[in-house]
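Here's a quick briefing to read alongside the model. Have the sequence and the 3D view open as you go.

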There are 2 protein chains.
Amino acid sequence: MKRVTIVDVAAAAGVSRATVSLVLRDEPRISAETRERVHRAIDEIGYVYDRRAAIMRTQRSMTIGMVVTDVRNPYFAELAMALEVALDGHGYSLLQAYSHDEHRREDRLLGVMVEHRVDGVILLPAKDTSAADLRTRLGAGGMPHLLIARRIRAYESDYIGADNVRAGKLLGEHLATQGYERVALVGGPTGSTARMDRQRGLRAGLKRHGVTLDAKMSFPGEANREGGVAALQALLEHGPLPDAIACYSDSVASGVVSGLRAAGLEPGRDVALGSFDDTPEAAIQHPGLTSVSTHPDRVGTDGAKLLLERIATPELPPRTVLLDPHLSVRASSTMLERRRAA
Amino acid sequence: MKRVTIVDVAAAAGVSRATVSLVLRDEPRISAETRERVHRAIDEIGYVYDRRAAIMRTQRSMTIGMVVTDVRNPYFAELAMALEVALDGHGYSLLQAYSHDEHRREDRLLGVMVEHRVDGVILLPAKDTSAADLRTRLGAGGMPHLLIARRIRAYESDYIGADNVRAGKLLGEHLATQGYERVALVGGPTGSTARMDRQRGLRAGLKRHGVTLDAKMSFPGEANREGGVAALQALLEHGPLPDAIACYSDSVASGVVSGLRAAGLEPGRDVALGSFDDTPEAAIQHPGLTSVSTHPDRVGTDGAKLLLERIATPELPPRTVLLDPHLSVRASSTMLERRRAA
DNA sequence: CTGAAAGCGCTTACAG
DNA sequence: CTGAAAGCGCTTACAG
């Protein structure tokens, strides 16, 4: 069946194609009477606007590409929802894809998005993505883009994410003041700036209260549940249990919790736990998981704004937004104190 | 700066535009030598293929629209990941949007996707979407589409989801054989076919072992954590605690768990819990949550296949795929037996 | 306030 | 195996 186009609408309404186009975009210079005649014709012949043809002409696709690692992580799910709502509010649609934290896949997906002529790209970089990769893929074509949650060393672009150093510091100070003296950092990809920043902060926070973070007590791994299980395994094989474990993220923490239980250890009682992200799961777990919020909803909402500004004004200097983290203390890290008090 | 197009490539390579186009799509009839000359030209002048222009011409967008209610639900996140991988494997990109379980939002988002001329649509319908709504929005324009997870009464289309009646039956039989006699169904939107099917199955499963599901013990609510908290509240105000609670989904269950604890009740010990979805969270909770798997990964993978077949062969009769559910028994529903044994 | 014409960047028969 | 020409469905100056 032949597609119904603007030409058919024009014929049915007895006006020119240009007039139909003007009516479709609510241009004020069309008389109310003509406008109505056109709308009646549209309803009668069942015309549907073709955004792609318009894009072809205007060179604005009203579509944003977004590549994140894994939306099963509640942190990214929350972020994706907030972003979609914000962009939808500005008339943009979201082309979404998942890199599974693999750079090669990410690169290919970004390439497809560029070919689709998205107006901008939001990227949560895979763990092994380099500045050179991004310059080739996004910088060279002048594609407006925003990095979220993970920074790339020596890469200048818009960025939004939590202040990970400060987040680490908050958790370090908390653990030290609770009386824990041997602390491990578990999970999270080596070399990721987020992990390094959290580790640096953690060390500084502990140190303020006279506690040292042993360099050997760092057990990297994938940034998900399986990574948590594996990293905990390495820790258990490494030697005696520390007093407290700082998990790279709540996803990692859930792996650590199940790993501990599998080893006959009770989280909170046998070893304290702290974490990052403060997803809703952290609050309802048992015992409740102490965690530092990294504000996925605000990353999404404010991130959308940053990208839209970048699209509107490409010559803006690169901007970095660091969100202030917030520590939520729960039972997983306060049992030692309780036992002492008792 | 002027955009680099196929014309520039043709000029640089000393061939016609048609030849460049043929090379880009790997048509075999171009000589290896010409092919290479074109590729060299592309690299030299930094040409990027414009998929939109191609779409304009071929009328195939190589893009699929997907509207789900809420990707923070781990079930939908898993589903979205599986779908994206499967479609990406066939060269399709995914335009994703979230209805927040509101029909009006869903309808608007579907409209945008149709305007974007997606090749097909995957929809997890909002709770109040009707057959007439879908006929107007998708059926009329002949848009290939697939419904997932929730069926719509009196609507003929491709559908894939778990066999909810059978899922309910599995849980009902399990609870009855564990010795629970007063069972409640908590959470999930009234009128959703998924809830009705699960309830029907639950009743049948209990009945096989002589247990009756009291019609008054059904407490509907939103299909998320908040909905679980609210529905549990209604149950607690309604009267004495039942022996066992069947939760509409793992998301609802997590609300029920926190609601119980807030009321000073321990899930598993004071009241048994069963649920649907069997997300990874169910396994690692404490106590472990008995849950019936609804196979989000298979819904995604097999669903992608169904939709691609529909796009290729629009005249196919509507197909329904019901996946066989699987019950995972965990501590949340086995403590009564243990106490008896002791 | 409305119409005729050019053009966005590709692909696709059709010739040669 | 390659080239000239038409066209996908819109928008945008430019006239009138």
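In chain A, the C-alpha centres of domain 1 and domain 3 lie 62 Å apart. This is a predicted model: local features need pLDDT of at least 70, side-chain atom pairs count only at pLDDT 80 or more, and totals for chains, interfaces and linings use all residues. Residues are numbered from 1 along each chain as its sequence is written, while chains are lettered from A and ligands numbered from 1 in the order in which they are written.

**Domains**

- Chain A splits into domain 1 (6-49), domain 2 (60-162 + 296-323) and domain 3 (164-295 + 327-341); the bounds come from an automatic or database domain assignment.

**Where the chains meet**

- Chain A and chain B each put 40 residues into the contact (two residues are in contact if their C-beta atoms, placed from the backbone, lie within 7 Å).
- On the side of chain A that touches chain B, the elements giving two or more residues are H4, helix H5 (74-89), strand S2 (93-98), helix H6 (103-115), helix H11 (250-262) and helix H12 (280-284) of chain A. Helices (H or I, at least four residues) and strands (E, at least two) are DSSP runs, numbered from the N terminus.
- H5(A) gives the largest share of that side, seven residues.
- By class, that side of chain A has 20 nonpolar, nine polar and 11 charged residues. Here Ala, Val, Leu, Ile, Met, Phe, Trp, Tyr, Cys and Pro count as nonpolar, Asp, Glu, Lys and Arg as charged, and the others, Gly among them, as polar.
- S2(A) and strand S2 (residues 93-98) of chain B run antiparallel and are joined by three bridges (two strands pair if DSSP finds at least two bridges between them).
- Across that pairing, Leu94(A) has Gln96(B) in S2(B) as its bridge partner.

**DNA strand C**

- 26 residues surround DNA strand C, and the closest are Ser16(A), Ala18(A), Ile6(B), Ser21(B) and Ala53(B). A residue is near a molecule or strand if its C-beta atom, placed from the backbone, lies within 6 Å of it.
- Helix H2 (17-24) and helix H4 (51-58) of chain A, together with helix H2 (17-24) and helix H4 (51-58) of chain B, each supply at least two residues of this surface.
- H4(B) makes the largest share of the surface near DNA strand C, with five residues.
- That surface divides into 11 nonpolar, seven polar and eight charged residues.

**DNA strand D**

- DNA strand D is surrounded by 26 residues, the closest being Ile6(A), Ser21(A), Ala53(A), Ser16(B) and Ala18(B).
- Near DNA strand D, the largest share of the surface comes from H4(A), with five residues.
- The classes here are 11 nonpolar, seven polar and eight charged.

**The six-stranded sheets**

- In chain A, six strands form an open sheet in the order S7-S6-S8-S9-S10-S12, with mixed pairing. Strand S7 (218-219) and strand S12 (326-328) of chain A stand at the edges, each with a single partner strand, so one side of each has no neighbour in the sheet.
- Strand S8 (residues 244-247) and strand S9 (residues 272-277) of chain A pair in the parallel sense over three bridges, and Ile245(A) stands opposite Leu273(A) in S9(A).
- Helix H10 (residues 225-238) of chain A lies across strand S6 (183-186), S7 and S8 of chain A, at about 145 degrees to S6(A). Axes are lines fitted to C-alpha atoms, for helices over the stretch in contact, and angles run from 0 to 180 degrees between N-to-C directions.
- In chain B, strand S6 (residues 183-186) and S7(B) pair in the parallel sense over two bridges, and the bridge partner of Val186(B) in S7(B) is Phe219(B).
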